[in-house]
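Hi,

Here is the structure I promised to pass on.

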Amino acid sequence: QVPLKPGRSLMDWIRLTKSGKDLTGLKGRLMEVTEDELAKHNKKEDCWICIRGFVYNVTPYMEYHPGGEDELMKAAGTDGTDLFDQVHRWVNYESMLKECLVGRMAVKPTAAPKGEDFKKEIISIISLSCFHITSFSKTGEGLQLFSSVISAQFFCQICLASVSYDWFQTDSLIVIVIYTKQKDMIAELVIVDCEDKRLRGEIIVGDHSYLIEVDLDHAVQEDLAVNVAEKVGKVEIILKKKDNIHWKMLGQPSERHNTFIKCTDRGLFYRKCKLVSKTEVTHDTKLFCLMLPKSTHLRIPTGQHVYLKQIIAGTEVVKPYTPVLPFLPLDFKEPSCSADGHIYLMIKIYSCGLFTEALDHLQIGDYIYVSNPEGNFKTSQVQTLEDLFLLAAGTGFTPMVKLLNSALSTVSHLRTVKLIFFNKTEDDILWRNQLEQLALKDERFEVQFILSQPTEDWVGKQGKISSSLLSEFVKRSRKDSNVLICICGPTPFTEQGVQYLKDLGYSQEEIHAFTA
Ligand code: FAD
Ligand code: NAP
């Protein structure tokens, strides 16, 4: 993130896009852009970028880009899809940049590929989104590609051989059975939504996503169930028929149905959740409780975040948030899971914050869109731990909540969990009381508050993240103990922290930084 000039906030950008100004310089005309044409527009004052087959004139957006002009310029005159996906695949650029749309990339006719090239072509086509596959197959120029697409779909079936599905019915139920053949399949890896007869079931298998997506033949009741046979990797989605009639088919498949692609190539899916409560945590931070629809099965894994989406001044705005627990449990006999259909989010409301101010204005009973979870934290990192250190700054505390709970309740050899919590003032400390209670109750847990702007009467530690502070507080309980240090906060805090830890001799594998 770079500091933006005054008058260059996201809200200012939204205003500009609504002003009716011609932002592409093409007076509303859309064109088909060749690679040669795209390459010509590679300067700041004339910069076009292609994202997923669509070309945008991003020159007017330069000064508004939170990551800075130089980052945007890295993709000038080229296909920036990969770069975009690496940095912020969740950003709703279609909505944000719709007034900058120049047109679509022209499809290059290709000769029918052979041998190894053919295999490569097929693999690259599979990795394209299904949207591309259908759009290619619809264009006249894409006729040659179309044959490859058909082969690609055939190839897809081969890839899918390891994941397959079947369905059967009783008088009252429809049961869809997915065979993933994964030994460690768990309910958190299954996300199911059913709205207006459209059933969407996504199963995460490693870094791939398998999707069932059909418009059901008949109506079903709101509540659905998911069963997972963990040892054999069998997943059952159980739907209750609304009427006890015999179904001739499961339903009409969408073009994404029965596909197995990389998770990063699968678009984010959102469902509408109801705000059921909003409670104060500190002077500027609130705990929002959102209720999932009855027809959604979604559990957010420890260490992962979701995206919230709101329409602000007619534009979709998306921001990431990390679900927490409703409170810090003091009893660790069983891991707490949020399987009760609610998502708890601890969110700091920034004055002049575009998203958080709008969020704060939501009334109980209002709806907000919540995405599927994402994130690269693996719970397996915790299972064999002896020492866990959590370095959090401000709301960077949020991923630590579930992590703390999961470690204290499930890790058998755990000796110490230490939270080092950086805040500006005492009033900013989130869940201070609960953390102190937990430290009293569980001797494995210790919390250290460090304030950067304390009042005179603060007797505790003071300062900012530094090498000396870390060497004082982050110490293995015994030589060679199995340790993990997790860090989360403002980006510079996290980056500095990681560097200090490396300088102190901790390895890459012993450090996990939570980032976007
Ligand atoms: P903006 O309109 O973007 O900014 C307005 C002003 O607010 C800025 O000028 C600045 O002064 C301040 N501000 C905004 N964003 C930040 C920031 N990130 N750091 C410091 N100051 C800022 N936030 C939570 O409260 N709870 C969470 O659980 C949470 N989880 C996150 C998970 C991930 C993976 C990431 C990347 C971020 C997370 N955030 C979380 C931050 C959140 O996504 C937003 O950045 C934040 O809510 C501000 O959004 P806004 O639109 O209101 O502010
Ligand atoms: P804050 O109140 O502004 O700061 C918390 C503490 O961090 C303060 O002591 C502050 O000291 C210090 N700090 C701030 N910037 C620093 C820097 N550049 N270097 C060293 N110390 C610094 O924090 P906040 O407003 O709650 O923000 C929390 C951040 O965490 C946000 O940026 C949010 O995006 C991020 N977050 C990320 C995730 C994730 O998973 N990636 C999850 C949740 C939150 P000062 O007195 O110097 O300001």
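How many disulfides does the count come to? Zero, taking a disulfide as a pair of cysteine sulfur atoms within 2.5 Å. On the cysteines, C100 is buried, because its relative accessible area is 0%, while C263 comes out as partly exposed at 23%. Here buried means under 20% relative accessible area, exposed over 50%, and partly exposed in between (1.4 Å probe, protein chains only).

Some housekeeping: this is a predicted model, so to speak of local features we need pLDDT of at least 70, side-chain atom pairs count only at pLDDT 80 or more, and totals for chains, interfaces and linings use all residues. Residues are numbered from 1 along each chain as its sequence is written, chains are lettered from A and ligands numbered from 1 in the order in which they are written, and side-chain values use heavy atoms, with hydrogens and water left out.

Ligand 1

There are 18 residues around ligand 1, with K319, P320, Y321, L354 and T356 coming nearest (a residue is near if one of its heavy atoms lies within 4 Å). For polar contacts (pairs of N or O atoms within 3.5 Å), a backbone N or O atom of P320 sits 2.7 Å from a ligand 1 oxygen. A polar backbone atom of M346 is 2.9 Å from a nitrogen atom of ligand 1, and one of K348 is 2.9 Å from an oxygen atom of ligand 1. The protein buries 65% of the 910 Å² that ligand 1 exposes when taken alone (Shrake-Rupley method, 1.4 Å probe). At least two shell residues each come from β19 (315-321), β21 (342-348) and α9 (354-360); these are DSSP runs, helices being H or I with at least four residues and strands E with at least two, numbered from the N terminus.

Ligand 2

Ligand 2 is surrounded by 22 residues, the closest being Y350, K424, S452, Q453 and K464. A polar side-chain atom of Y350 is 2.7 Å from a ligand 2 oxygen, and a backbone N or O atom of T395 lies 2.9 Å from an oxygen atom of ligand 2. On its own, ligand 2 has 920 Å² of accessible area, and the protein covers 76% of that. Two or more shell residues come from each of β24 (416-423) and α14 (491-503), and α14 gives the most, with three. Ligand 2 lies between domain 3 (270-374) and domain 4 (379-513), because both give residues to its shell; the bounds come from an automatic or database domain assignment.

Cheers

Key
A polar contact is a pair of N or O atoms within 3.5 Å; within protein, one must be able to donate a hydrogen and the other to accept it, and residues adjacent in sequence count only if both atoms are side-chain atoms.
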